[in-house]
Each structure stands twice: as C-alpha cells, then as structure tokens.
Amino acid sequence: MRNYIHVISLLVVNAKVQDHISAFVLLNLVVNMLRVLAKLHICKLTRESHGYHHCCCSLLCCFRTVSSLTDPVERIPFEKLETIDYHSIKFHQLRQILQECTSAGDLLSGMSVHTHLVKLNVNGSIMIWNKLLSLYLKFGDIHYAHQLFDTMPQRDVVTFNTIISASVRDDYDAFELLHLFSKMKKEDVKPNHITFSALIGACNGLIALRLREVFHAHTVHCGLSSNAFVGSSLVDGYAKQMRLEDAIRAFGEIIELDLVSWNILIDGCVRNNCKEHAVRMFLQMLKGNVRFDGFTLTSIIKTCSKPGDLKHGMQLHGCAIKLDLAHETPIHNSLITMYSKCEKGMESPLKIFGSISEPNIISWTAMISGFVQNEQSEEAHGFYKEMLRSGVRENDFSLSSILPVYGNLAKLDQGKQIHARVIKSWFGLDLSVNNALIDMYSKCGSLEDAHLVFMKMEKHDVVSCTTMIMSYGQHGKGKEALEILSEMESEGLVPDGVTFLGCLYACSHGGLVEEGVRVFKTMTEVHKLNPKQEHFACVVDMLGRAGRLNEAESFIDEMGIESDVLVWEALLGACRLHGEMELGEKSAQKIMELRPEGHGPYILLANIYAERGSWEDKEVLREKLVSHGLKKQLGCSWVPLERMPC
C-alpha cells in the first residue's frame, strides 16, 4: 500500500510542476498496478501470484527512475531529447516488461515504457527498441511503428526486417518498401534472407514486377539466391508472373531443397497450365525421397481436368487414402473439382462432399461449379440455397460461380437478386464478379444492364471487354462491339483469340463484312495470332450471311481448310439461308464425309430441297437418313410459369 501512496504523491508533484509525460506515465502505472492487485486477489496458484508480484515490482523499480527527474518534459514523445546517461537503468528488466506486455496484450503499459525510454533518451540496447517495435506491430499500429522506426537511435537487420515484413502485410506500395531497402543499404545494414523474402514477395503490382528482378540481382550479389527462403519467394513470384522458365531457373539455384520449395514449384507449374511439367516435378520429388504432404497432393490433383485424366486422378485419390490425407478438407475440395471435370455426372463429388465433416466456402463453391460444368443448373441453384441456409457466406468465387446459372436458365429476376447480394457484400468491385454479371445480364436479354455494369467498373481486363463484345454480338450490335475493341486497345489491354472471335461473331450478326475482314487481318498480321477453326468458321458465316457465297468458298480454298467440318457447316447454313442448292449439296457432301455420324447436313439439305420444290430429292435424303440409323435431335424450349394455387 505504501507503494501506491508513493505513486499517487509523485503524480501530484508531477502535476504541480506540469510534467505532463511523467504524470501520464504514473497514471498509467496506477491503472496497471490496480489491475495487478486485482489479479493477485483472485490468484490461487503460488507461482502465478509470484509472477504478477514480480511484474509489479519491476514496474515500480523502473518508474521510480522517472520520478527522480526534476526537469519537466513538455515535448511530444517521439521528439529527440538530449542524451542522459543513467547507469542505474536495468535494461533486462525493461526487456522483460515489454515481453510481458506483448504476451499479455497490454499495449498501454508498453506505451508507458516507451515514454520512459524517450524521457531518458536511452541510446543503448537495441533489443529493447526492437521489442517495442514488435509490440506496436502486434496490435496493428503501423503508424506509430513507423514513427518509432524513424526516431530509433539505432537500427539493425532485425529492425528493418520487422518493419519491412509489417509493411508488406499492410499492403504498402512496393516503392515504399524500396525506400526502406535503400535506407537499409545507406546505413550499411546488411540484408539477410528474411529481408529479401519479404521484399520479393511484395512485388505483385504491374509496375513493381520489374523490382523483383532488381531484388533478384541483389540476392545474387549477396550470395543469397541459393537460400531456400529466397529461392522459394523467387519461384513463387515468377510463377505468378506466368514466367515459368524463370521460376524453374530460380528453383535450380536453391542448394538445399525442402518440401516447401517443391510445393511452390509444382503449384506454379499448375498455375501456368504446364501440367505435364508439374507431374514430372512431382515424380522427381518422390525420387529424391521427399515425402509429400496434403498441399502437394492438392496441387497435383489439379492436373487432372479432362475425362482422359480420370484414371490418374483416381490413383492420386488412392494415395491420399493410403497416407491418411483424405480427411483434409483442401484435398476433398480438389477431388470434388477433379471428379466434376473428369467424370460425367456429379455422383462422386456428392459422395466426397458428404464425407467432409465441416465443408468450407471452397467446398460449396467447388460443388456449385461442378453442377454448372455438368449442365445441371437447377441442381446448382438448389445447392446454393442450401449453402445459404447452412450459414455459409458467399465470397467472390462463389458469386462468380453461381451467376452463370441464372444466365443459363434465363432467370433475370433471380440474377438481379444475386446482384443485390453482391452490392451488399462489397464484392461489386471484384473483376470476376462483374464479368459474371455482364455475362448473366446478356444471356437474360438485358443488354442495358450488362452495359451499365461494364461502365461502372473501375477497371477492365481482357475478360471484361471480351464478355461485353460477345454480348453485343449476341444482340447483333456489331458497331458497339468494335467500339469496345478500340477502347480496349486504348486502355493498353491486348486482345486474345477469344476477343477476336467475339468481334468476328459480332460483325457476322451485324452485317459488317468489310469490318470483319479487317478484324481478321488485324488478328493475323498485327497481333500474330494463329486462327483456329472457330475463327475460320466465323469468317465463312459472315461472308455467307451477306450472300457472298462464292467468296466464302474461295476463302476455304485459300486457307487450306477443306478438312474442317465447321467451315462447311457454316457454308451449308448460308446456302440454306439463300436457297443455293448446288453449293449446298457440295457442302453437305463434305460434312457427311468428315462427320458421317451427324444428322445436321441431311436436315439442312432436305430443307433446301423443300424450299425449291424438289420433293423427290428430299424424300430420297430422308430415306438415306433413316438407313444410316440417324435421327433428328428433338428441340425444346421453356417459358416461366406463374405458380398456380392448389
């Protein structure tokens, strides 16, 4: 009790001399001592009581030094003071107090210690300042941490690593991190592997990508490029840039490869769509007697994405069961995706999902995506409702997965409801969600809403522009589609093959033949993209719709695509549109040779005969269709009905 009376009397004295900082420190001390007293009162264990008693005595011992100062301090805590040497200060006690404050989550007491250190202008024991810096960062106070960093009397590599790592976590600009690195070099503080791992991992922005190469050069200069931490950061960074060759080269520089290094490279190969190389790296890892874990298996299962990979995927599933890894939720999620893509139907994914004890949002999203991929939109919609009923909140991936369902079902009202949820959940800024909204509105026939979403987006990517171009094409608005292409190029976005396919489709349905021909030439001559059969078919369809059937046939001959069934189907459709019998017969004959199991050419040619009044030829063609065991596929359509009362 005498200690408390002493503290309160000091508080009164400091208030009289207007020593605000000392008074503030002592006031905080009283609060903390009262807190300790309460702890002691309810403490039942002797050891715990002794620990709090020791903490209390340590606080009193250190803060009595503050009370011995006679000159008031009226400056702000972060301002530099004249050097005062107090040999009586026990630095290890201050370090212990800061450690206890950090462990107990007591920021107020830590700030009191900071005030004490500034008042005494302690220049020694850099460990104390580093612990104080860690305390501020633990509580997420990055602003005060940077202020402390700027005013610290000394800084070492731990100091710089601490502030750089915290700045990376707080999404600081890469150039601000470069400023810290430059300051580090200027103060002759030698960076280590932790420094470079943090800096390399922060280079994710478009402008900052070149900085990764700069830091890579520094690691080579410092002899750290062979370090596992640094090498893994380089591999991951280059893989995210879609520079797999550089990632493999950085991987080869690592002297002691560990499981993390292998996992990052395998995942990078999968991300860069080099599945064969990912499998080779996996086999090479096994030959090196490196035991894989759940993360490895999750990445390598992603290489199975088509029906021909089902056997390989089932083998990996067996490995997961054999090594007792099948209970891990990430592996379950990757297996759901694998079976959804490699196996027809959703029977296996449903069984796997049912075996997950606690499915997360990724599990639900994988199931919804699987239903969409297997053209089971109604089931996807039902699964989404079940997800919401279970209390799982959507994220950007789940919203992007469910929106195509309402485009496929042409359910505009329900699509708008999802849009409302997007706005409420703040995912309206996400690119993938906005792209899915554009596609949904377009398929539901609401081009104005699709255009409105596109215009309100803060930035576009290639997918955004391509989706909008396809939307205009579906509605026969070729000029608007070409305007999006021009805007896209002015924004610095490079169109790909899908973008040009959408433009050709829009020109075809909008009657813009000359513009379409220019688009095709731009694609092949300017952007050096090799056209696929879909591009050729679009050009033929565009010429055919305009009645330029001879030009369409000449185009097929000039491009050497006589063995492409799609171009002949496009030409046959144009002949059906314009009633051209002779060229229609030639096109139909080509299709029957290239795809004998198809019924389409028989039906289209029969319709041409009917329009020309050649009923005998039509009957012969119908008999030929039946003799080949072919049958016309039945069409279907649906309209929404109001729910009738029972």
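User: Where is the place of Asn 273?
Analyst: This is a predicted model, and in it Asn 273 is found in the loop between α14 (259-271) and α15 (275-287). Its phi is near 60 degrees, which is a positive value in a residue other than glycine.

User: Is Asn 273 buried or exposed?
Analyst: Asn 273 counts as exposed, because its relative accessibility is 60% and exposed means over 50%.

User: And what about Asp 188, what is its phi near?
Analyst: Asp 188 has a phi near 60 degrees, again a positive value in a residue other than glycine. Asp 188 sits in the loop between α9 (174-186) and α10 (193-201), and with a relative accessibility of 71% it counts as exposed.

User: Let's step back. How many helices and strands are there in the protein chain?
Analyst: The protein chain has 35 helices and zero strands. Of its 646 residues, 46% are buried, and if you take the contacts between residues at least 6 apart in sequence, 62% of them join residues at least 24 apart.

User: Pick a helix for me. Which residues of α21 are buried?
Analyst: The buried residues of α21 are Ser 377, Ala 380, His 381, Phe 383, Tyr 384 and Met 387. Seen down the axis of α21, these buried residues fall within an arc of 165 degrees, so they line one face of the helix.

User: Why would residues a few places apart point the same way?
Analyst: An α-helix has 3.6 residues a turn, so residues three or four places apart point the same way.

User: What covers the buried residues of α21?
Analyst: The cover includes α19 (347-354), α20, α22 and α23 (412-424). As for its length, α21 runs over residues 377-389, and the 19 Å from its first C-alpha to its last is close to the 18 Å expected for 13 residues at 1.5 Å a residue. Just after α21 comes Gly 391, with a positive phi of about 90 degrees.

User: Now α29. Which of its residues are buried?
Analyst: In α29 the buried residues are Val 513, Gly 516, Val 519, Phe 520 and Met 523. Around the axis they cover an arc of only 120 degrees, which puts them on the same side of α29.

User: What do the buried residues of α29 pack against, and which exposed residues are on the face turned away?
Analyst: The buried residues of α29 pack against α27 (478-490), α28 (497-510), α30 (533-545) and α31 (549-559), while the face turned away from the buried side carries the exposed residues Glu 525 and Val 526. Just after α29, Lys 528 has a positive phi of about 55 degrees.

User: Changing topic, what volume does the largest pocket have?
Analyst: The largest pocket has a volume of about 900 Å³. It is lined by 26 residues, and those closest to its centre are Thr 337, Lys 341, Thr 365, Ser 369 and Phe 397.

User: Which helices each supply at least two residues of that lining?
Analyst: Helices α16 (294-301), α18 (329-342), α20 (361-373) and α22 (396-408) each supply at least two residues of the lining. Two of these helices, α20 and α22, were also named among those that cover the buried residues of α21.

User: How many residues of the lining are nonpolar, polar and charged?
Analyst: The lining of the largest pocket divides into eight nonpolar residues, 14 polar ones and four charged ones.

Methods: Residues numbered from 1 in each chain as written. Predicted model: local features only at pLDDT ≥ 70, side-chain atom pairs only at ≥ 80, totals over all residues. Heavy atoms only, no water. 1 Å grid on protein atoms, 1.4 Å probe; cavity = no way out; pocket = protein on both sides within 12 Å on 5 of 7 lines; lining within 4 Å. Points joined across faces, edges and corners; volume = space filled by probe spheres on them. Helix = DSSP H or I, 4+ residues; strand = E, 2+ residues; numbered from the N terminus. Nonpolar A, V, L, I, M, F, W, Y, C, P; charged D, E, K, R; others polar. Buried < 20%, exposed > 50% of the residue type's maximum accessible area, 1.4 Å probe, protein only. Arc of directions from axis to C-beta. Contact = heavy atoms within 4.5 Å. Expected span 1.5 Å × (residues − 1).
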